[in-house]
Amino acid sequence: MLQKPRSRGRFSSQAEKDRDSGRGGDIRAQRGGVSEETPSTSRGPAGSQETQGTSSQGARRSQAAPAVGPRTQKQLELKVAELVQFLLIKDQKKIPIKRTDILKHVIGDYKDIFPDLLKLAAERLQYVFGYKLVELEPKSNTYILINTLEPVEEDAEVRGDQGTPTTGLLMIVLGLIFMKGNTIKETEVWDFLRRLGVYPTKKHLIFGDPKKLITEDFVRQRYLEYRRIPHTDPVDYEFQWGPRTNLETSKMKVLKFVAKVHNQDPKDWPAQYCEALADEENRARPEPSGPTPSS
Amino acid sequence: MQGSTKRMGIMTDVHRRFLQLLMTHGVLEEWDVKRLQKHCYKVHDSSATVEKLEDFINNINSVLESLYIEIKKGVTEDDGRPIYALVNLATTSISKMATDFAENELDLFRKALELIIDSETGFASSTNILNLVDQLKGKKMRKKEAEHVLQKFVQSKWLIEKEGEFTLHGRAILEMEQYIRETYPDAVKVCNICHGLLIQGQSCETCGIRMHLPCVAKYFQSSPEPRCPHCNDYWPHEIPEVFNPEKEREAGVSKSSKKSLRSRQH
């Protein structure tokens with residue numbers, strides 16, 4: 001009744017074949033054939049997604065593709081696994097993950113169940129790794145992973161990479177911005193950093209290229225916002241906290257950092273302390289919606 | 001759910017922190033893994049007894065199973081050190097490298113991989129690899145640049161360099177064994193003892209069977225007269241010592257100064 005399912009060497013590996021000896025009954029409309037590089041279970045033409053079992057008139061709206069049909073538990077599991085790995089790898093670079101990239105590189109023709117897949121992936125990320133999948137800003141359709149485990153100083157001794165820049169240059173800049181009323185001119189930032197031996201034009205032993213770090217890398221990673229101030233001559237820019245900063249840390253945490261550096265108490269800055277407290281109260285209120293989009 | 005009916009383990013913050021930090025390393029030696037485990041217990045559950053590493057990892061692996069990844073244990077081919085890496089079970093490609101390297105760099109790795117697998121010793125010379133630079137896919141790469149890329153592979157522990165020649169790091173073998181076996185089924189060499197993929201090792205001069213150095217060490221451990229397990233001829237190579245983590249730490253010998261057996265004993 002249906003055309004024979006094509007099996008163009010599905011990406012699925014030996015491991016899957018071994019795991020899964022009684023596969024016979026599951027060969028419904030499986031799409032195979034993927035290049036060896038992308039870990040994807042299927043990448044068919046973005047054709048129609050009619051269910052199987054349509055009448056013999058074979059509603060051929062799309063050119064060549066067989067109908068998708070119900071997917072097996074295993075296929076779904078694999079899809080979620082791919083999605084989890086994709087999110088983990090992308091987040092490692094600290095670049096927010098675009099929904100369009102997820103759809104393009106992982107979801108493919110499982111698009112119809114994208115919200116469910118994302119929800120399952122988010123659950124796994126939380127349960128297994130302790131990462132929370134959140135949208136960078138409401139309706140932005142970009143995501144980041146937030147660590148629900150508190151970073152601990154000793155982590156630095158056992159980890160294999162730099163980790164998130166929770167201390168160091170970024171924290172200093174975040175502190176500067178907050179203490180100056182949530183926005184600061186670039187010229188003021190360099191005035192301050194020069195006193196610490198950090199210059200925009202000079203290579204730094206630890207930070208490398210501080211200008212690039214602050215005006216490009218941290219901005220791309222959404223820790224900072226960097227905007228041109230109009231009508232300034234010479235041109236000046238201003239910095240503010242980016243959306244990732246608000247998700248990963250808080251005004252109170254940054255104030256505590258600043259206080260620690262000065263060997264003082266956060267309360268020594270009453271205006272900022274008040275602001276930080278208000279921010280804490282806001283955060284304590286329950287979230288209006290979950291991290292995953294409602295399609 | 002189809003598949004295993006094994007009881008799935010429980011994840012706690014100890015396990016999560018362990019996984020997070022393990023993932024920051026491409027590959028980790030057993031001693032460092034134990035240190036990492038202790039650290040995680042200290043942070044979250046300092047009163048609890050630290051579980052035996054094998055059980056701890058099996059527990060995590062039973063949870064990771066549904067995500068088609070696992071913490072895999074292997075052994076370095078040159079001196080038998082236990083190593084661990086988080087590997088992907090669902091893809092049979094070099095996809096983990098794909099995120100860190102450009103197309104032409106990945107192709108360079110593939111070329112080096114082929115040369116290594118085809119070689120007698122498990123090593124490919126820098127010269128031979130660099131001569132293939134013109135055949136690479138993607139953006140054109142000069143030899144000078146390729147030298148730099150090879151060093152990147154060494155730094156990120158995909159390749160090991162010894163005297164201008166390159167072989168696979170234990171990490172690459174752990175991650176890519178399946179891919180290698182499927183892609184090069186005829187050229188691939190296998191150890192007569194453990195039946196695992198063999199890149200470096202010793203071979204019998206009479207019948208040609210091969211064995212990993214650590215497998216040789218274990219197999220001939222208490223033999224006064226080592227003989228080939230296949231053809232019984234006298235085994236002509238120096239028998240390495242079995243890796244002993246306690247001994248090494250006592251002696252305070254650093255990894256780099258330790259006299260590791262040369263693996264060119266084919």
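**Note on the predicted two-chain model**

1. Helix packing in chain B. The axes of helix H1 (residues 13-22) and helix H2 (residues 30-44) of chain B come within 9 Å, and they cross at roughly 140°. This model is predicted. H1(B) and H2(B) are therefore oblique to each other. The cut-off matters here, because only angles over 145 degrees count as roughly antiparallel. The crossing of H1(B) and H2(B) is right-handed.

2. From H1(B) come B:Asp13, B:Val14, B:Arg17, B:Phe18, B:Leu21 and B:Leu22. They meet B:Val33, B:Leu36, B:Gln37, B:His39, B:Cys40, B:Tyr41, B:Val43 and B:His44 in H2(B). By class, the residues of this contact divide into 9 nonpolar, 3 polar and 2 charged.

3. Chain B overall. Chain B has 10 helices and 11 strands. It contains 266 residues, and buried residues make up 52% of them. Take the contacts in chain B between residues at least 6 apart in sequence: 54% of these join residues at least 24 apart.

4. A buried loop residue. B:Leu136 lies in the loop between helix H6 (126-130) and helix H7 (143-155) of chain B. Is B:Leu136 buried or exposed? Its relative accessibility is 11%, so B:Leu136 counts as buried; the limit for that class is under 20%.

5. Partners of B:Leu136. Leaving aside residues up to four places away in sequence, B:Leu136 touches B:Asn104, B:Asp107, B:Leu108, B:Lys111 and B:Met141.

6. Positive phi at B:Lys157. This residue is not a glycine, yet its phi is positive, at about 65°. B:Lys157 is found in the loop between H7 and strand S5 (159-162) of chain B. With 38% relative accessibility, B:Lys157 counts as partly exposed.

7. Positive phi at B:His195. Here too phi is positive, at about 65°, and the residue is not a glycine. Where is B:His195 placed? It sits in the loop between strand S7 (189-190) and strand S8 (197-198) of chain B. B:His195 counts as exposed, because its relative accessibility is 52%. The exposed class begins over 50%.

8. An open sheet in chain A. 3 strands of chain A form an open sheet. Their order is S1-S3-S2, and the pairing is antiparallel. Why is one side of S1 and of S2 left without a neighbour in the sheet? Strand S1 (97-98) and strand S2 (131-135) of chain A stand at the edges, so each has a single partner strand.

9. The S1-S3 pairing. S1(A) pairs with strand S3 (residues 142-147) of chain A in the antiparallel sense, over 2 bridges. Across this pair, A:Lys98 stands opposite A:Thr142 in S3(A).

10. A cis peptide in chain A. The peptide bond from A:Asp233 to A:Pro234 is cis, and its omega is near 0°. A:Pro234 is found in the loop between strand S5 (224-229) and strand S6 (236-241) of chain A.

Key:
Residues are numbered from 1 along each chain as its sequence is written. Chains are lettered from A and ligands numbered from 1 in the order in which they are written. This is a predicted model: local features need pLDDT of at least 70, side-chain atom pairs count only at pLDDT 80 or more; totals for chains, interfaces and linings use all residues. Side-chain values use heavy atoms; hydrogens and water are left out. Two strands pair if DSSP finds at least two bridges between them. Helices (H or I, at least four residues) and strands (E, at least two) are DSSP runs, numbered from the N terminus. Buried means under 20% relative accessible area, exposed over 50%, partly exposed in between (1.4 Å probe, protein chains only). Contact means heavy atoms within 4.5 Å. Axes are lines fitted to C-alpha atoms, for helices over the stretch in contact, and angles run from 0 to 180 degrees between N-to-C directions. Angles under 35 degrees count as roughly parallel, over 145 as roughly antiparallel, 65 to 115 as roughly perpendicular and the rest as oblique. A crossing is left-handed if the near helix is turned anticlockwise from the far one by less than a right angle, and right-handed if clockwise. Ala, Val, Leu, Ile, Met, Phe, Trp, Tyr, Cys and Pro count as nonpolar, Asp, Glu, Lys and Arg as charged, and the others, Gly among them, as polar.
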